[in-house]
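Reader: I'd like to walk through this model with you, a few questions at a time. Could you start with the ground rules?

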Amino acid sequence: MTEEGALGSLYDVILRDYLIEGSEADLYSALNLGKICVEEEIGPDEIVGLHLSSIKKLVNESPQENLSKLLLKSLNLLVEVMVAYGLSYREYHEAKIQHQQLEKELQIAKKIQTSLLPRQLPQIAGMDLGARMIPAKEVGGDYYNLLAFEEDKLGVWIGDVSGKSIPAAMLISMLKYALQAFTFKKEMYSEPEKLVTQLNNLIVKDINPEYFITLFYTYIDIKRGEFFFTAAGHDPVIHFRRDRMRCDELRTDGVVLGVLEDYVYEQKKGICAAGDILVFYTDGVTEARDTSGNQFGLSRLKAMVSKNADLTAQDLVDRLINHVLNHSQMKFFDDITLVVVKMK
Amino acid sequence: MSDLEKFYLKPDKNTLKEIIVENEWDIVVARQEGRELARQIGFNEVDQARITTALSELARNIVSYAGSGQIKMWKGESQGRFSICIIAEDNGPGIQDIKLALQDGYSTSKGLGAGLPGVKRLVDTFFIKSKAGQGCFVAIEKILRRNL
């Protein structure tokens, strides 16, 4: 139909048949023709042009016909086309406005989400820190934060909020400030199970059941060479051990936040030494797919960490993100977030 | 009498037309009857085209989704003015999410054209009742912009 002239000859046929037969079927064809004009980006001026040129041809063919009657009748067909055109146009226009609004909302949500990330990472003696989030255009509600306690201790959390757009961004904002409020007390920030359990009880009362939050919280005491962690439905953290030159997976059982009230989360302890690395990530990393649908995967991520263990924390983050982006050919549909803590 | 009730009462026998809709040809028949009735009621050519366009969309929905159904139309009256009342009914799969179906762009994504939101814009009263698996009932009315 986009072919030049095809629409014109179609119009000729319909109009000619209508003027001879005057049948409802011709007017129905006119309706269908009017509807496709919007899709084909044929403007109202062009439709009137089609009508005019069809009429001219008919008049030239049989000049002796009763002209005024013919012209008047032909207008019925034009009206039919234009009514259908107007209908399609309005619908198209409305849909476009809705789409634009949605896009705008997504952009605002992304801005809020990004503004909630730490602008600067804390400086802690004995630790090298790196972090980055690459926001996806469509969905994704990744979140992370790193806070220094007592000058030489570190709290790291990383999470993923389900859902999208502004509701998800609001949830992240709530999460950020709730976590910050909880970390005023040492017995909270130094004990991940307590922090996560209380956070869950706070959230579960207000959260819309459509939404949930995954979280991994870790408290690191570099002087004592130990750390404590609790997961709430979040992917395991990778622990690269310099002494064994291999990566362990840090896991605890625990459901996502905001689903079960009074759920008691589990806490585990780990030992770390100089040269060890903790790699926090979201599923946007491991579930990034290549063109054949293969996921980036945890084992590939672990292998990359081991191979690049000598990089600085931020360089390691960026190297890993580069690999993920290359794997997915830059087409990713979920936020990609990595946080790296390197013990010096 | 509310706008809706009139569609459940006995329609005006003298002007009532009933058309079984099963294929494209029936759509044309429905248009023909609708145009004639609209003309008799006193609608001008542009309104006639609007009414037949609405009819076409309703009939096409029946053919596309339900396979078969029925269209009824008659001369009505609303607030001291004549009107055309149209009902389209089928026992097809119904509409699961009416709100979604009434959203612009919902039907065009399937290349069907204006669909239900378009019909709603063309008439003065629009009522739909449908549930998944329980068919679809659409009632519309267009009022003549002229006093009786």
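Author: Helices (H or I, at least four residues) and strands (E, at least two) are DSSP runs, numbered from the N terminus. This is a predicted model, where local features need pLDDT of at least 70, side-chain atom pairs count only at pLDDT 80 or more, and totals for chains, interfaces and linings use all residues. Residues are numbered from 1 along each chain as its sequence is written, while chains are lettered from A and ligands numbered from 1 in the order in which they are written.

Reader: Which residue of β9(A) is the bridge partner of H239(A)?

Author: Strand β6 (residues 237–241) of chain A runs antiparallel to β9(A), and three bridges join them. Within β9(A), H239(A) has as its bridge partner L278(A).

Reader: And which residue of β10(A) is the bridge partner of V279(A)?

Author: Here β9(A) pairs with strand β10 (residues 336–343) of chain A, antiparallel again, over five bridges. The partner of V279(A) in β10(A) is V340(A).

Reader: How many residues of strand β9 (residues 277–281) of chain A are buried?

Author: A residue is buried if 20 or more other C-beta atoms lie within 10 Å of its own, exposed if 12 or fewer, and partly exposed in between, with C-beta atoms placed from the backbone. I277(A), V279(A) and Y281(A) point one way from β9(A), L278(A) and F280(A) point the other way, and all are buried. So the strand is mostly covered, and the buried count is five of five.

Reader: Why is helix α4 (residues 115–122) of chain B described as largely enclosed?

Author: Its buried residues are G115(B), L116(B), P117(B), G118(B), V119(B) and L122(B). The cover over them includes α4 (67–115) of chain A, along with α2 (45–66), α3 (98–101), β4 (125–130) and β5 (136–143) of chain B. The helix is called largely enclosed by the rest of the structure because the buried residues number six of the eight.

Reader: Which element gives the most to the side of chain A that touches chain B?

Author: Counting contacts (C-beta atoms, placed from the backbone, within 7 Å), 19 residues of chain A meet 21 residues of chain B. On the chain A side, α2 (24–39) and α4 each supply at least two residues. The one giving the most, with 13 residues, is α4(A).

Reader: Is E150(A) buried or exposed?

Author: E150(A) is in the loop between β2 (142–149) and β3 (153–161) of chain A. Its phi is near 50°, a positive value in a residue other than glycine. With 11 other C-beta atoms within 10 Å, E150(A) is exposed.

How values were computed: Two residues are in contact if their C-beta atoms, placed from the backbone, lie within 7 Å. Two strands pair if DSSP finds at least two bridges between them.
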